[in-house]
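Please examine the sequence and the structure shown below.

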Amino acid sequence: MIAAHAEFSAGAEHHERTLHIRGNWHLGSAPEGAQLCALFPLDCKALNLDTRELGQWDSSLAIALLQLARRCQKKNIVFRYSESSPALQQLLKLALDVPEYEQPTNPVYIGWRAKLRNWLTEHGQSVKEHFIFVGDVCLACVKWLSGRANTRASDIFYFIRESGPKALPIVTLISLLVGMILAYLGAIQLRQLGAQVYVADLVSLGMVREMGALMTAVIMAGRTGAAYAAQLGTMQVNEEIDALKVMGVSSLEFLVLPRLLALILTMPLLTIYANTIGMLGGALITTSMDVSYTQYILQTQQAVDWLDISTGLLKSLVFGVLIAMAGCHAGIRCGRNSTAVGLATTNAVVSAIVYLVVADAAFNIIYDKLGI
């Protein structure tokens with residue numbers, strides 16, 4: 001085996017040197033980049049690379065030459081490697097195109113006005129992207145209603161099954177406990193007046209108007225909204241969404257719309273189910289206070305009417321849209337690495353919960369102004 005060897009020689013022109021690389025260069029048996037830099041003469045203006053006598057080599061040669069090229073850059077010396085092997089040229093070009101890491105200097109002080117302007121610019125762009133996404137989804141819904149969208153019915157039924165029946169266990173548990181908690185809170189005060197029967201009014205109105213839709217939406221935001229963001233984010237990392245665009249398929253129609261329609265269809269049904277389970281949980285507590293099941297049912301029928309039920313169902317429809325939009329938007333805007341998928345999932349859940357709380361407050365204010 002020919003040993004690795006490197007030497008510098010004077011070129012034809014003044015202040016020009018040539019680096020001759022000979023033999024087989026393998027990791028551990030060849031000079032390192034620091035040794036080449038130590039031998040490098042500083043009194044030249046150009047350095048040519050000669051690899052005509054180079055044998056077998058691996059990445060250790062590219063690393064050594066990269067260190068030498070960095071040294072040439074710092075000394076303003078021209079480093080020519082166009083006469084080397086094509087593979088070595090490609091590696092050096094790829095490495096030299098990436099700037100060398102530099103330690104950050106002392107941070108420049110930025111005034112509060114510049115910080116405020118940067119913050120407004122950043123968040124303004126984010127708000128703009130949200131509105132564009134909402135507009136694109138609305139156009140996709142119009143195309144679906146007209147029968148021209150690339151949305152498969154099988155996808156809609158699949159996501160209905162994923163977000164509906166498979167969510168019943170956790171919805172059952174949370175709704176039952178919420179109904180029991182409302183009953184306990186009302187019983188503390190009403191028991192002092194001997195009006196335990198009115199706990200049924202508190203539980204039933206609380207569930208159908210507020211807690212049923214809101215708690216179901218929070219559950220779906222953490223369960224389904226996060227799943228949507230993770231699924232679409234993973235597809236973004238794997239460049240599957242880009243492949244759909246290349247094939248001329250709209251990602252909104254093919255990926256977002258089935259998930260949105262599934263939540264719109266399942267949220268009212270889950271809310272009705274949560275209301276029933278919550279009132280059942282309240283009945284378990286109320287009947288332990290000398291109130292019969294018959295009294296509880298009759299009192300619930302007197303307290304709740306169809307207007308109360310419809311207010312909760314309207315909330316659930318809007319909540320379903322907000323959850324799907326938050327999850328799908330975070331997934332579509334996801335980055336290209338695994339860390340970005342986690343951030344997208346977190347953003348989806350946080351954004352969905354914020355949207356839910358704001359929307360719920362807006363609904364309550366509107367209902368109060370309308371006298372509903």
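A polar contact is a pair of N or O atoms within 3.5 Å; within protein, one of the two must be able to donate a hydrogen and the other to accept it. The model discussed here is predicted. In this model, the side chain of Ser163 reaches the backbone oxygen of Phe159 at 2.7 Å. Ser163 belongs to helix H5, which covers residues 153-163.

Is Ser163 buried or exposed? Buried means under 20% relative accessible area, and Ser163 counts as buried because its relative accessibility is 1%. Which residues does Ser163 touch, leaving aside those up to four places away in sequence? The list consists of Met220, Arg223, Thr224, Tyr228, Ala262, Leu263, Thr266 and Leu270.

Cys72 counts as buried, because its relative accessibility is 0%. Cys328 is likewise buried, with a relative accessible area of 0%. A disulfide is taken to be a pair of cysteine sulfur atoms within 2.5 Å, and by this rule the count comes to 0 disulfides.

Along the chain, Ile63 and Leu91 are 28 residues apart, and their C-alpha atoms are separated by 9.4 Å.

The surface also carries a nonpolar patch. Ile170, Leu173, Leu177, Ile181, Leu185 and Ile188 form this patch, and together they have about 550 Å² of accessible area. One of these residues, Ile181, lies in helix H6, which spans residues 168-193.

The view may now be widened to the whole protein chain. The protein chain has 12 helices and 4 strands. Of its 372 residues, 42% are buried. The accessible surface of the chain comes to about 21,000 Å², and carbon and sulfur atoms account for 63% of that area. Among contacts with a separation of 6 or more, 81% are between residues 24 or more positions apart.

Notes
Residues numbered from 1 in each chain as written. Predicted model: local features only at pLDDT ≥ 70, side-chain atom pairs only at ≥ 80, totals over all residues. Heavy atoms only, no water. Patch = residues over 30% accessible without salt bridge, like charges linked within 9 Å, V, L, I, M, F, W, Y side chains within 5 Å. Areas by Shrake-Rupley, 256 points an atom, 1.4 Å probe, with all protein chains shown as cover. Salt bridge = Lys/Arg side-chain N within 4 Å of Asp/Glu carboxyl O. Helix = DSSP H or I, 4+ residues; strand = E, 2+ residues; numbered from the N terminus. Buried < 20%, exposed > 50% of the residue type's maximum accessible area, 1.4 Å probe, protein only. Contact = heavy atoms within 4.5 Å.
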